[in-house]
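Visitor: I have a protein model to look through, and I would like to discuss some of its residues with you. Could you take my questions one at a time?

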Amino acid sequence: MLHLFDLVVGTEEEFHIAGGSTDTLTALKNVRHATKATLVCKRGPMGCVVLEGEIPDSWDSVPLQQGVRVEVLNVLGAGDAFMSGLLRGWLNDEGWEQACRYANACGALVVSRHGCAPAMPTKVELDDYLLRAESVPRPDLDARLNHLHRVTSRRQQWPELCIFAFDHRKQLADLVQETGRDTACIPQLKLLLLAAGRSGRAGGRARSAQRYSRRWHLRPARAERHYRQRLVDRAANRAAGLSPAAS
(Lines give C-alpha, C1' and ligand atoms only; values in the text may rest on other atoms or scores of the structure.)
Protein backbone atom coordinates (compact mmCIF):
# COMPACT_ATOMS: atom_id res chain seq x y z
CA MET A 1 0.00 0.00 0.00
CA LEU A 2 2.89 2.39 0.58
CA HIS A 3 3.17 3.16 -3.13
CA LEU A 4 -0.30 4.76 -3.04
CA PHE A 5 0.70 7.60 -0.71
CA ASP A 6 2.20 11.04 -1.28
CA LEU A 7 3.17 11.49 2.37
CA VAL A 8 4.15 8.92 5.00
CA VAL A 9 4.57 10.07 8.62
CA GLY A 10 5.70 7.94 11.54
CA THR A 11 7.88 7.58 14.59
CA GLU A 12 11.18 5.72 14.40
CA GLU A 13 9.47 2.66 15.90
CA GLU A 14 6.69 2.80 13.31
CA PHE A 15 9.22 2.96 10.49
CA HIS A 16 11.02 0.00 12.08
CA ILE A 17 7.82 -2.00 11.65
CA ALA A 18 7.13 -0.75 8.13
CA GLY A 19 10.75 -1.22 7.02
CA GLY A 20 11.48 -4.50 8.77
CA SER A 21 14.58 -3.32 10.66
CA THR A 22 15.38 -1.89 14.08
CA ASP A 23 17.96 0.39 12.47
CA THR A 24 16.01 3.49 11.51
CA LEU A 25 17.99 4.45 8.41
CA THR A 26 17.88 0.87 7.11
CA ALA A 27 14.14 0.76 7.74
CA LEU A 28 13.69 4.06 5.90
CA LYS A 29 15.66 2.74 2.95
CA ASN A 30 13.41 -0.31 2.80
CA VAL A 31 10.34 1.92 2.88
CA ARG A 32 11.84 4.06 0.12
CA HIS A 33 12.08 0.98 -2.11
CA ALA A 34 8.29 0.66 -1.81
CA THR A 35 7.27 4.31 -2.26
CA LYS A 36 8.35 7.65 -3.70
CA ALA A 37 6.33 9.50 -1.05
CA THR A 38 7.83 12.17 1.16
CA LEU A 39 8.81 10.52 4.45
CA VAL A 40 8.57 12.41 7.73
CA CYS A 41 10.25 10.62 10.61
CA LYS A 42 9.50 11.82 14.14
CA ARG A 43 12.55 11.57 16.38
CA GLY A 44 11.02 12.26 19.77
CA PRO A 45 12.16 15.36 21.67
CA MET A 46 14.83 16.06 19.05
CA GLY A 47 12.21 16.95 16.45
CA CYS A 48 11.68 15.41 13.03
CA VAL A 49 13.29 14.95 9.62
CA VAL A 50 11.84 15.19 6.12
CA LEU A 51 13.15 12.83 3.43
CA GLU A 52 12.07 13.46 -0.16
CA GLY A 53 14.71 11.57 -2.12
CA GLU A 54 17.19 8.80 -1.47
CA ILE A 55 17.86 7.89 2.15
CA PRO A 56 21.44 8.79 3.20
CA ASP A 57 23.78 6.53 5.14
CA SER A 58 24.16 8.98 8.05
CA TRP A 59 21.87 11.28 10.03
CA ASP A 60 24.48 14.00 9.57
CA SER A 61 23.26 14.38 5.99
CA VAL A 62 19.65 14.97 7.05
CA PRO A 63 18.56 18.44 8.28
CA LEU A 64 16.87 18.12 11.66
CA GLN A 65 13.75 20.19 12.27
CA GLN A 66 14.25 20.78 15.97
CA GLY A 67 11.46 20.19 18.46
CA VAL A 68 10.16 22.51 21.18
CA ARG A 69 11.25 21.96 24.78
CA VAL A 70 8.36 21.65 27.23
CA GLU A 71 7.59 19.75 30.40
CA VAL A 72 5.64 16.64 29.41
CA LEU A 73 2.45 16.00 31.40
CA ASN A 74 0.60 13.65 29.06
CA VAL A 75 1.55 12.00 25.75
CA LEU A 76 -1.98 11.22 24.55
CA GLY A 77 -2.78 13.02 21.32
CA ALA A 78 0.79 14.04 20.54
CA GLY A 79 0.82 12.24 17.18
CA ASP A 80 -2.54 13.65 16.11
CA ALA A 81 -1.45 17.15 17.07
CA PHE A 82 1.83 16.77 15.19
CA MET A 83 -0.02 15.62 12.08
CA SER A 84 -2.48 18.51 12.20
CA GLY A 85 0.34 21.05 12.30
CA LEU A 86 2.27 19.30 9.56
CA LEU A 87 -0.78 19.19 7.28
CA ARG A 88 -1.46 22.87 7.87
CA GLY A 89 1.92 23.78 6.45
CA TRP A 90 1.99 21.13 3.73
CA LEU A 91 -1.48 21.76 2.33
CA ASN A 92 -0.91 25.53 2.34
CA ASP A 93 2.41 25.17 0.47
CA GLU A 94 4.35 26.90 3.24
CA GLY A 95 7.40 24.65 2.86
CA TRP A 96 8.59 21.75 4.97
CA GLU A 97 10.53 23.87 7.44
CA GLN A 98 7.44 25.86 8.39
CA ALA A 99 5.23 22.77 8.33
CA CYS A 100 7.56 21.08 10.80
CA ARG A 101 7.55 24.16 13.03
CA TYR A 102 3.78 23.91 13.20
CA ALA A 103 3.93 20.16 13.79
CA ASN A 104 6.52 20.25 16.56
CA ALA A 105 4.75 23.13 18.31
CA CYS A 106 1.34 21.43 18.13
CA GLY A 107 2.79 18.28 19.62
CA ALA A 108 4.53 20.25 22.36
CA LEU A 109 1.35 22.08 23.35
CA VAL A 110 -0.68 18.88 23.62
CA VAL A 111 1.87 16.91 25.67
CA SER A 112 2.19 19.85 28.05
CA ARG A 113 -1.51 19.65 28.95
CA HIS A 114 -3.87 17.14 30.47
CA GLY A 115 -6.35 15.73 28.01
CA CYS A 116 -6.24 14.73 24.36
CA ALA A 117 -8.68 16.29 21.88
CA PRO A 118 -9.58 19.18 24.25
CA ALA A 119 -5.89 20.11 24.43
CA MET A 120 -5.46 20.62 20.67
CA PRO A 121 -4.42 24.22 19.88
CA THR A 122 -6.27 26.54 17.54
CA LYS A 123 -4.53 28.50 14.78
CA VAL A 124 -4.56 31.72 16.81
CA GLU A 125 -3.16 29.95 19.84
CA LEU A 126 -0.46 28.15 17.85
CA ASP A 127 0.72 31.32 16.12
CA ASP A 128 0.98 33.14 19.44
CA TYR A 129 2.96 30.27 20.95
CA LEU A 130 5.41 30.13 18.04
CA LEU A 131 6.31 33.78 18.59
CA ARG A 132 7.60 33.04 22.10
CA ALA A 133 7.93 29.27 22.43
CA GLU A 134 11.42 29.39 23.93
CA SER A 135 10.18 31.48 26.85
CA VAL A 136 7.19 29.21 27.63
CA PRO A 137 8.46 25.92 29.12
CA ARG A 138 5.08 25.29 30.77
CA PRO A 139 2.33 26.20 28.28
CA ASP A 140 -0.27 24.84 30.70
CA LEU A 141 0.64 27.63 33.15
CA ASP A 142 0.82 30.45 30.62
CA ALA A 143 -2.11 32.83 31.21
CA ARG A 144 -2.21 34.19 27.67
CA LEU A 145 -2.20 30.76 26.02
CA ASN A 146 -4.87 29.51 28.40
CA HIS A 147 -7.01 32.53 27.59
CA LEU A 148 -6.60 32.07 23.84
CA HIS A 149 -7.39 28.38 24.15
CA ARG A 150 -10.63 29.15 25.97
CA VAL A 151 -11.89 31.90 23.70
CA THR A 152 -10.86 30.47 20.31
CA SER A 153 -11.84 26.83 20.76
CA ARG A 154 -15.50 27.43 21.64
CA ARG A 155 -18.10 27.04 18.93
CA GLN A 156 -20.75 29.71 18.75
CA GLN A 157 -23.43 27.55 17.15
CA TRP A 158 -24.59 24.09 18.21
CA PRO A 159 -26.16 21.67 15.70
CA GLU A 160 -28.05 19.93 18.51
CA LEU A 161 -29.56 20.91 21.84
CA CYS A 162 -30.05 18.52 24.75
CA ILE A 163 -33.09 19.67 26.75
CA PHE A 164 -33.99 18.20 30.11
CA ALA A 165 -37.77 18.38 30.65
CA PHE A 166 -38.80 17.60 34.22
CA ASP A 167 -42.52 18.40 34.17
CA HIS A 168 -43.80 15.14 32.66
CA ARG A 169 -46.19 13.82 35.29
CA LYS A 170 -46.58 10.29 33.91
CA GLN A 171 -42.87 9.52 33.74
CA LEU A 172 -42.31 10.78 37.27
CA ALA A 173 -45.32 8.84 38.54
CA ASP A 174 -43.97 5.69 36.89
CA LEU A 175 -40.60 6.32 38.53
CA VAL A 176 -42.26 6.67 41.93
CA GLN A 177 -44.12 3.40 41.42
CA GLU A 178 -40.99 1.55 40.30
CA THR A 179 -38.99 2.72 43.30
CA GLY A 180 -41.75 2.25 45.87
CA ARG A 181 -41.78 5.90 46.93
CA ASP A 182 -44.70 8.18 47.82
CA THR A 183 -46.05 10.59 45.19
CA ALA A 184 -45.52 13.41 47.67
CA CYS A 185 -41.81 13.33 46.81
CA ILE A 186 -42.45 14.45 43.19
CA PRO A 187 -42.73 18.20 44.02
CA GLN A 188 -39.55 17.92 46.08
CA LEU A 189 -37.75 16.30 43.15
CA LYS A 190 -38.92 19.04 40.79
CA LEU A 191 -37.62 21.73 43.12
CA LEU A 192 -34.24 19.98 43.29
CA LEU A 193 -34.08 19.74 39.49
CA LEU A 194 -35.04 23.39 39.16
CA ALA A 195 -32.31 24.40 41.61
CA ALA A 196 -29.76 22.29 39.72
CA GLY A 197 -30.75 23.89 36.42
CA ARG A 198 -30.45 27.37 37.86
CA SER A 199 -27.01 26.72 39.28
CA GLY A 200 -25.76 25.41 35.93
CA ARG A 201 -26.66 28.37 33.72
CA ALA A 202 -25.84 32.06 33.62
CA GLY A 203 -27.02 33.67 36.82
CA GLY A 204 -28.89 36.62 35.30
CA ARG A 205 -32.15 34.91 34.44
CA ALA A 206 -32.14 32.80 37.60
CA ARG A 207 -31.71 35.87 39.79
CA SER A 208 -34.51 37.63 37.90
CA ALA A 209 -36.80 34.67 38.48
CA GLN A 210 -35.93 34.70 42.18
CA ARG A 211 -36.78 38.40 42.42
CA TYR A 212 -40.01 37.69 40.57
CA SER A 213 -40.78 34.93 43.07
CA ARG A 214 -40.28 37.22 46.06
CA ARG A 215 -42.34 39.97 44.45
CA TRP A 216 -45.37 37.78 43.80
CA HIS A 217 -44.88 35.35 46.71
CA LEU A 218 -44.83 32.38 44.35
CA ARG A 219 -43.22 28.99 44.77
CA PRO A 220 -39.97 28.71 42.73
CA ALA A 221 -41.35 26.44 40.00
CA ARG A 222 -44.40 28.62 39.51
CA ALA A 223 -42.30 31.77 39.54
CA GLU A 224 -40.11 30.34 36.80
CA ARG A 225 -43.13 29.67 34.60
CA HIS A 226 -44.49 33.18 35.21
CA TYR A 227 -41.12 34.72 34.43
CA ARG A 228 -40.67 32.77 31.21
CA GLN A 229 -44.18 33.68 30.06
CA ARG A 230 -43.44 37.34 30.79
CA LEU A 231 -40.33 37.15 28.58
CA VAL A 232 -42.40 35.59 25.78
CA ASP A 233 -45.10 38.27 26.12
CA ARG A 234 -42.54 41.06 25.97
CA ALA A 235 -40.93 39.61 22.86
CA ALA A 236 -44.33 39.27 21.17
CA ASN A 237 -45.22 42.86 22.04
CA ARG A 238 -41.95 44.14 20.60
CA ALA A 239 -42.56 42.19 17.41
CA ALA A 240 -46.05 43.70 17.15
CA GLY A 241 -44.74 47.21 17.73
CA LEU A 242 -46.43 47.62 21.12
CA SER A 243 -44.87 49.59 23.94
CA PRO A 244 -43.49 47.79 27.03
CA ALA A 245 -46.32 49.28 29.07
CA ALA A 246 -48.81 47.30 27.00
CA SER A 247 -47.46 44.07 28.50
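Visitor: Does M1 count as buried or exposed, and what is its relative accessibility?

Guide: This is a predicted model, and in it M1 is placed in the segment before strand 1 (7-11). M1 also belongs to a nonpolar surface patch with L4 and F5, which together have about 370 Å² of accessible area. Because exposed means over 50% relative accessible area, M1 counts as exposed, at 71%.

Visitor: Is L86 buried or exposed?

Guide: L86 is found in helix 3, which covers residues 78-91. Leaving aside residues up to four places away in sequence, L86 touches L7, V9, V40, W96, A99, C100 and A103. Since its relative accessible area is 0%, L86 is buried.

Visitor: How is the aromatic pair of W90 and W96 arranged?

Guide: The structure holds one aromatic pair. The ring centres of W90 and W96 are 6.1 Å apart and the planes stand at 20 degrees. W90 counts as partly exposed at 31% relative accessibility, whereas W96 is buried at 17%. Because planes under 30 degrees apart count as stacked, the arrangement of W90 and W96 is stacked.

Visitor: Over which ring does the charged end of R43 sit, and over the face of which residue does R88 lie?

Guide: For R43, the charged end sits 3.8 Å from the centre of the ring in question, which belongs to W59. For R88, the distance to the ring centre is 3.9 Å, and the residue whose face R88 lies over is Y102.

Methods
Residues numbered from 1 in each chain as written. Predicted model: local features only at pLDDT ≥ 70, side-chain atom pairs only at ≥ 80, totals over all residues. Heavy atoms only, no water. Patch = residues over 30% accessible without salt bridge, like charges linked within 9 Å, V, L, I, M, F, W, Y side chains within 5 Å. Areas by Shrake-Rupley, 256 points an atom, 1.4 Å probe, with all protein chains shown as cover. Salt bridge = Lys/Arg side-chain N within 4 Å of Asp/Glu carboxyl O. Helix = DSSP H or I, 4+ residues; strand = E, 2+ residues; numbered from the N terminus. Buried < 20%, exposed > 50% of the residue type's maximum accessible area, 1.4 Å probe, protein only. Contact = heavy atoms within 4.5 Å. Phe/Tyr/Trp six-rings, centres within 6.5 Å; stacked < 30°, edge-to-face > 60°. Lys NZ or Arg CZ within 6 Å of the ring centre and 35° of its normal.
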